[in-house]
Amino acid sequence: MSTSQTRPGARLKRGLRAFGTLLIVLSAITPASSVFIIGPGVVRQAGTGAFWSYVLAAVVGVFMAFVYAELSSAFPQTGGEYTIIGRTLGPLPGFLALVLVLVTQLLILAVIALGVGTYLGVLFPGLPGPLAGAVTVALAAAVAVFDIRFNAVVTGVFLALEMLALLALSAIGVLNVERPFTDLLVHPVAPDGSPATLGLIALATAVAIFSYNGYGSAVYFGEETQGARRNIARVILWALAITVAAELIPITAVLLSATSLDGGNVVQQVVAEHGGSTLNTLISLGVALAIANAVIAIMLLTARLIFSSARDATWPVRVNALFGRIHPRFGTPWTATIAAGAVSAALCFVPERYLLVVTGTSLVVIYAGLCAAVIGGRRNGSTAQGVYRMPLFPLAPLVALAALAYVIYTSAVDPVIGRPSLIVTAAILAAGTVVYYTVVRRRGAWTLHDVEDG
């Protein structure tokens, strides 16, 4: 592996300011989807202890945001995690990160898109979920082909609607309090009414960590953001801060107002019980729009991942030439976008439980790789060109690694999703290793390109 200057024909259009990048990143995180889809699962595990689960998850998020910010400041490249890990830890870890992230992103697009049918079902009963998901992915791909600045505006509008849904949920909770806030702080209870133990809260924290995930995706737009070495780190930190507020406040409101924690989707129950059918319909529509917005944002970064992999000569020559094309007018990786849309739309027809098994623990492995990368980068000097340095190094990566080890443990003892997910992730890494040594290394063409900051 070597590095060189990007070929002139392979440059993306640098059309974003930091605020535009922040809008896209927040859309990819999609706080409303996290609250309405992931939040109920956290509550089912920890009851009102979910408050502390989200607080602890935010602490882990701060440490991971520091890691992402420092690494992104040094390598604001479209390839994201794989280019960072490849430059700091070596070609094999970088290639494995590429394989794992690419598989995960394509599957996540399908998983999120399937949620559109669930919430549109309130308006259109009997709507086929896989078909709704596939159409959502196809439309998102069509939008993502356009200019990145246009996409920032589109996702920004949808994001505003998403935040209104969260604001409405927070208002419902605050206006219909069933228990005092001090109960959440000092007397958390499990769904069955028994005291919520530290073990339950910690187990739910492992899920809440994923609820905040996505702030690091800012690095995928590093080549399209002006002043990327300085601004991408800021976007990551601001994205986490806004996400924590946008999720923790409504989750707290739900916990304060829920009459029962032992049931199905406690968030929907609170809306239906205290908000009425009309508001329930409006909020469900808002969540469906939030999910669609997330599909657009994740489509943007997945397309850039595919484009970067082609630019780095990951595929056969003709495939590299195809996926490395830039739209002459919009300056976007349009063929990579279409490819991502086609694959993810097809995956919408795969049973969702299989998609979740594959994506379950891959994020943990990537997080761990980044923690190792920031420590390795400091030691070997490969991150010296970055303008951001995290405080109290190496506290952040070490604490994050400890938290990730706990998440791996909770997955290993879960026979339903966690353990199979670990096995599948290990299989992907093993297959990637075989491909690297039998194909990529022998071919000797894999190159990580550098793009100057703009």
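# Chatting through a predicted model

Q: Let's start with Asn293. Which residues does Asn293 touch, leaving out those up to four places away in sequence?
A: Asn293 touches Ser27, Val154, Thr155, Phe158, Leu159 and Glu162. Keep in mind that this is a predicted model.

Q: Okay, and where is Asn293 found?
A: Asn293 is in helix H11.

Q: Is Asn293 buried or exposed?
A: Buried. Its relative accessibility is 0%, and the cut-off for buried is under 20%.

Q: Let's zoom out. How many helices and strands does the protein chain have?
A: There are 17 helices and 2 strands in the protein chain.

Q: What does the C-alpha trace span along its principal axes?
A: About 60 × 45 × 40 Å for the protein chain.

Q: And how does the radius of gyration fit with a compact globule?
A: It agrees. A compact globule of 454 residues would come out near 22 Å, and the protein chain has 21 Å.

Q: What share of the residues is buried?
A: Buried residues are 57% of the 454 in the protein chain.

Q: What about contacts, how many join residues at least 24 apart in sequence?
A: Taking contacts in the protein chain between residues at least 6 apart, 84% join residues at least 24 apart.

Q: Now the inside. Which residues touch the most other members of the largest nonpolar core?
A: Phe36 and Tyr215 do, in a core of 141 residues.

Q: Which helix gives the most to this core?
A: Helix H11, residues 266-311, gives 21 residues to the core. That's the helix where we found Asn293.

Q: Back to Phe36. What does Phe36 touch?
A: Not counting residues up to four places away in sequence, Phe36 touches Tyr119, Leu166, Leu169, Asn265, Val267, Val271, Ile283 and Val287.

Q: Switching to H10. How many residues does helix H10 have, and how far does it reach?
A: Helix H10 covers residues 228-257, so to speak a run of 30, and reaches 43 Å from first C-alpha to last, close to the 44 Å expected.

Q: Why is H10 described as largely enclosed by the rest of the structure?
A: Because 22 of the 30 residues of H10 are buried.

Q: Which residues does Ser170 touch?
A: Ile249, Pro250 and Ala253, again skipping residues up to four places away in sequence. Ser170 itself is in helix H7, residues 148-175, and is buried with a relative accessible area of 9%.

Q: How many disulfides are there?
A: A search of the whole structure finds 0. As for cysteines, Cys348 is buried at 1% relative accessibility, and Cys371 is buried at 0%.

Q: What's phi like at Leu392?
A: Near 60°, a positive value in a residue other than glycine. Leu392 is also in the loop between H15 and H16, and counts as exposed at 65% relative accessibility.

Q: And what is phi of Ala313?
A: Phi of Ala313 is near 60° too, positive in a residue other than glycine. Ala313 is in the loop between H11 and helix H12 (317-323), and is buried with a relative accessible area of 18%.

Technical notes: Residues are numbered from 1 along each chain as its sequence is written. This is a predicted model: local features need pLDDT of at least 70, side-chain atom pairs count only at pLDDT 80 or more; totals for chains, interfaces and linings use all residues. Side-chain values use heavy atoms; hydrogens and water are left out. Helices (H or I, at least four residues) and strands (E, at least two) are DSSP runs, numbered from the N terminus. The expected span of a helix is 1.5 Å times one less than its number of residues. Buried means under 20% relative accessible area, exposed over 50%, partly exposed in between (1.4 Å probe, protein chains only). A nonpolar core is a set of buried Ala, Val, Leu, Ile, Met, Phe, Trp, Tyr and Cys residues joined through side-chain atoms within 4.5 Å. Contact means heavy atoms within 4.5 Å. A disulfide is a pair of cysteine sulfur atoms within 2.5 Å. The radius of gyration is taken over C-alpha atoms; the globule rule is 2.2 Å times the number of residues to the power 0.38.
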